[in-house]
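Here are questions on how labels follow from values. Each answer sets a value against its cut-off.

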Amino acid sequence: MKKKLAIVSLSGICGGCETVLGVVIEKIEELFDLVYAPMFVDSQDFSDADVFIVIGPVETKEDVEILEKIRKLNKPVYAFGTCAAYGGIPGLINLYGLDETVVEIYKNRTKSGLVPSRDVPKPLKFVDLVANHVNVVSFIPGCPPLVDKVPEFLEAVAKGEKFVLPEKSVCDVCPLEKKGKSEITRILLINEVDPNEIDWNRCLLEQGILCMGPATRALCDAHCPQRRMPCFGCMGPISEKMDQGASALKAIASVLVNVDIEEIKKKLKDAVGLFYKFSLPSSILKHKWEDTK
Amino acid sequence: MSKSEQFEPRIIAFCCNWCGYAGADLAGASGYRYPANIVIIRVMCSGRVDPMFILRAFQFGADGVMVIGCHPGDCHYGKGNFFTLRRVKILKRLLEQFGINPKRLRLEWVSAAEGEKFARVVNEFVNEIKKLGPSPLKKR
Ligand code: SF4
Ligand code: FES
């Protein structure tokens with residue numbers, strides 16, 4: 001008998017994860033009975049599902065209620081995508097808080113200046129992780145997860161097993177040549193790079209381009225560095241115990257040992273945005289704090 | 001004012017074995033006084049201090065964190081303290097973005113012969129943290 005699967009999307013999603021699931025829909029049909037997935041099937045109720053896949057970060061009271069309902073059903077829950085696992089891009093809201101962000105987006109940046117208040121779910125204070133609300137068996141990170149890794153994940157879900165993730169960094173699988181020694185005296189953000197000046201077969205970090213490879217889990221076969229883009233860190237930290245920003249900071253500061261400190265200060269002004277782009281709510285400090293000035 | 005006088009901060013100091021820690025030793029041996037708010041953790045080199053150690057210290061309620069290493073160029077292992085310098089500079093910016101006062105993190109160079117300087121910087125730091133008040137991460 002096939003297990004009954006429910007795919008639940010929370011409010012902060014962009015649609016990327018669902019698109020990936022759409023690509024592998026035949027595999028889903030083969031392994032499961034899809035009972036609830038607003039994107040693919042027409043049904044309103046997930047209460048008879050045997051297993052859950054949750055997508056997206058927890059942002060509103062409604063999300064909390066949904067997760068509460070899932071928890072009461074006492075069925076295995078899997079998280080799909082970096083948002084569900086680590087908070088993802090919406091997690092950057094935590095630098096301001098959701099209330100402030102809603103006001104900024106709807107009031108200050110629209111012509112009408114109206115903040116929607118009726119029939120919309122109330123935002124939480126900060127973006128939260130699915131794992132803080134329900135017990136998550138295991139997860140697959142990625143923004144979105146790679147299509148060729150998803151069938152393996154779905155099989156683990158069907159069997160009720162843990163999906164085993166590699167504890168290696170993107171650098172470990174990155175084919176670009178590493179000389180192991182860096183003499184760089186500059187920092188380049190990717191928008192400042194002159195493509196003709198860079199040796200695209202050599203490690204980008206060793207040439208001064210900020211790359212999150214050393215702090216990011218290798219579930220992607222280093223697609224970006226091979227295509228002339230530095231790693232942005234979308235797979236989250238290398239292991240559960242690590243803080244992505246702290247390990248990136250450690251590795252990158254060591255490479256920059258010959259770079260002038262003033263330049264570092266200038267270029268790394270948005271340190272949180274660079275180092276925690278995908279994992280802020282799961283980091284050690286989590287969100288902004290109120291301190292005396 | 002009276003409130004900040006009552007407040008006794010908890011401060012973690014990572015001291016490198018060869019200079020900072022030896023400096024602390026000398027400060028004790030030569031009878032310089034420094035406050036008991038500071039908890040010293042000995043590491044082999046200031047370059048051993050992972051940024052995560054510092055973030056964890058704040059997470060578990062430290063009001064301030066000090067990193068004390070050898071003077072630039074004097075590191076026992078060559079370049080350790082140059083790494084530390086850059087890490088701390090970036091970390092300070094990170095803390096600022098998180099809304100935590102970057103003054104709560106301080107890097108100092110103290111050599112093995114500077115017992116007096118050790119006592120002085122610790123005193124200074126404790127007074128500064130007392131003025132800043134408890135860390136916002138502290139569980140109340
Ligand atoms: S730092 Fe970036 S470019 Fe260099 S090896 Fe690592 S992933 Fe590849
Ligand atoms: S040994 Fe003191 S800083 Fe490296």
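Q: Why is Asp221(A) called partly exposed?
A: Its relative accessible area is 35%. Buried means under 20% relative accessible area, exposed over 50%, and partly exposed in between, with a 1.4 Å probe and protein chains only. The value of 35% falls in between, so Asp221(A) is partly exposed.

Q: What kind of model is this, and what are the ground rules?
A: This is a predicted model: local features need pLDDT of at least 70, side-chain atom pairs count only at pLDDT 80 or more, and totals for chains, interfaces and linings use all residues. Residues are numbered from 1 along each chain as its sequence is written, chains are lettered from A and ligands numbered from 1 in the order in which they are written, and side-chain values use heavy atoms, with hydrogens and water left out.

Q: Where is Asp221(A) placed, and what is its phi?
A: Asp221(A) is in the loop between helix H7 (170-173) and helix H8 (223-226) of chain A. Helices (H or I, at least four residues) and strands (E, at least two) are DSSP runs, numbered from the N terminus. Phi of Asp221(A) is positive, about 55 degrees, although Asp221(A) is not a glycine.

Q: Why does Arg228(A) count as partly exposed?
A: Its relative accessibility is 48%, so Arg228(A) counts as partly exposed. Arg228(A) sits in the loop between H8 and helix H9 (244-255) of chain A. Its phi is near 65 degrees, a positive value in a residue other than glycine.

Q: What makes Lys293(A) exposed?
A: Lys293(A) has a relative accessible area of 86%, so the label is exposed. Lys293(A) lies in the segment after helix H11 (271-275) of chain A. Lys293(A) and Ala79(A) are 214 residues apart in sequence and 39 Å apart in space, C-alpha to C-alpha.

Q: Why is the pair of Tyr78(A) and Phe153(A) called edge-to-face?
A: Rings of Phe, Tyr and Trp (its six-membered ring) pair if their centres lie within 6.5 Å; planes under 30 degrees apart count as stacked, over 60 as edge-to-face and the rest as tilted. Tyr78(A) and Phe153(A) are 6.0 Å apart, centre to centre, with 85 degrees between the planes. The structure holds 9 aromatic pairs over all chains.

Q: What does the pair of Tyr78(A) and Phe153(A) tie together?
A: Tyr78(A) lies in strand E5 (residues 77-80) of chain A and Phe153(A) in helix H6 (residues 150-159) of chain A, so the pair ties together parts that are 75 residues apart in sequence. Tyr78(A) is buried at 1% relative accessible area. Phe153(A) is buried at 0%.

Q: What makes the pair of Phe80(A) and Phe153(A) tilted?
A: The centres are 5.8 Å apart and the planes make 55 degrees. Phe80(A) in strand E5 and Phe153(A) in helix H6 are 73 residues apart. At 0% relative accessibility, Phe80(A) is buried.

Q: Which residues form one aromatic cluster?
A: Tyr78(A), Phe80(A), Phe153(A) and Phe163(A) do.

Q: How do you know that a charge sits over the ring of Tyr21(B)?
A: A charge sits over a ring if NZ of Lys or CZ of Arg is within 6 Å of the ring centre and within 35 degrees of the ring normal. The charged end of Arg42(B) is 4.6 Å from the centre of the Tyr21(B) ring, and sits over the ring.

Q: Why is Cys45(B) called buried?
A: Its relative accessible area is 10%, so Cys45(B) is buried. Cys45(B) is found in the loop between strand E2 (38-43) and helix H3 (51-59) of chain B. Leu55(B) lies in helix H3 of chain B, and is buried at 0%.

Q: What makes Gly142(A) buried?
A: Gly142(A) has a relative accessible area of 1%, so the label is buried. Gly142(A) is in the loop between E7 and H6 of chain A. Pro144(A) is placed in the loop between strand E7 (136-140) and H6. The peptide bond from Cys143(A) to Pro144(A) is cis, with omega near -5 degrees.
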